[in-house]
Amino acid sequence: MKGLVYQLKSVGKDKFCILSFFLPIAVAMALNIAGSIDLSSLGEYYFCVIDGQVADETKEWLAGYGDVTVCRTREEWLSAIREPSTNLIGVEMEGRGIKTILSGDELPLWQQAAATLPALYEQREAAAGICVQALERPDVLAGVKYIFMAMTLIVAMFMGCTFNAMNIISEKEDGVALINEVLPMTPRQYVIQKIFIGFIFGCLSAVVTAAVCFRLSLPGAAAMLVLTVLSAFTAALAGLFVGCVSDGMMAGVVYIKIVMIVFMAVPLLKYLAISESRVLSGICYFVPSSATFEGIMDLAKGGMAAAGKDMAILGVHCILWFLLYQILSGRQKRPGSFQ
């Protein structure tokens, strides 16, 4: 128990671990805020006309395609068009039609719209008899929102790996690891002491992140909790391996980054590129985060079919990694060291 209290005190002194705990929660909040922002106005067109030189009927017709700004003088009209921070399309009458004026620095989409607008105006009477069906505007972030949230949740679960690795490395540098050599501590006791704090805080970070990101049903929330616990336990075990093979703090940071990149890149690669290949998809399951990512995506979309399989895969990972660490550390003179 005293060992766990010592590990808990070290959490408050490690800014790296505190950052690892709160950063996924902050990112999850930012994703929710970004998803609630209406970005539809970014796709609207903006027209600029001179007061008194464009008929009211023409203004109403332009208003059907975008926002219309009325300038009092031609100089004000030209100045508004030339303003680099805007994409205003200048419109003026030309005989019975209209012509458009651009400054030349507009985006290609606005340039194409300006080139098409006079022809649309000429055919406005014929187009008035056409039945137009307005489709629902798609959400800009709908396709990637769940991917971002799943990766954020994986990062939150990775907090246990970061803490456990840094804790073991700091004990090596401070000489505490030498004391562990003479303590009456079995490899299993050492694993429990080292993994408990990182595992608990990794679970807490992941649970809070999941609560911010997702709105799940009761069965879905239970399945998400099981996935979170198993994934956090696996990440905490990975931290033990990283801490034991690292000679110093800099080497530990490098190893942690490598493991994190693997944990994030493999499930993304499986989901985006090789999901149709059963052989390659099966190989990806050797990285536990692949099962975590698949289960989270399935639950986020309202499914439960893949979650059970992914829980079983993560359970196998937890058992195998735990037994492997016990076997390797049990062959050494001091617990928790492979060197």
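Okay, so two strands count as paired if DSSP finds at least two bridges between them. Helices (H or I, at least four residues) and strands (E, at least two) are DSSP runs, numbered from the N terminus. With that in hand: strand 1, residues 45–50, runs parallel to strand 3, and two bridges join them. One of the pairs to look for is Phe47 with its bridge partner Ile89 in strand 3.

Quick housekeeping. This is a predicted model, where local features need pLDDT of at least 70 and side-chain atom pairs count only at pLDDT 80 or more, while totals for chains, interfaces and linings use all residues. Residues are numbered from 1 along each chain as its sequence is written, and side-chain values use heavy atoms, leaving out hydrogens and water.

Glu92 sits opposite Lys99 of strand 4. These two strands make a hairpin with two residues between them, and Gly95 in the turn has a positive phi of about 65°.

Now the helices on it.

Next, the cores. A nonpolar core is a set of buried Ala, Val, Leu, Ile, Met, Phe, Trp, Tyr and Cys residues joined through side-chain atoms within 4.5 Å. Buried means under 20% relative accessible area, with a 1.4 Å probe and protein chains only. The largest core has 30 residues, and Leu153 and Phe214 are among those touching the most other members. Which helix gives the largest share of this core? That's helix 7, with eight residues. Leaving out residues up to four places away in sequence, Leu153 touches Phe214, Met224 and Ile296, among others. Apart from that core lies another, of 14 residues, including Met260 and Phe263.

Last one: Asp310, in helix 15. Asp310 is buried but has no salt bridge, and the nearest side chain of opposite charge, Lys309, is 4.6 Å away. A salt bridge needs a side-chain nitrogen of Lys or Arg within 4 Å of a carboxyl oxygen of Asp or Glu; for charge, Lys and Arg count as positive, Asp and Glu as negative, and His and the chain ends aren't counted.

Key. Buried < 20%, exposed > 50% of the residue type's maximum accessible area, 1.4 Å probe, protein only. Contact = heavy atoms within 4.5 Å.
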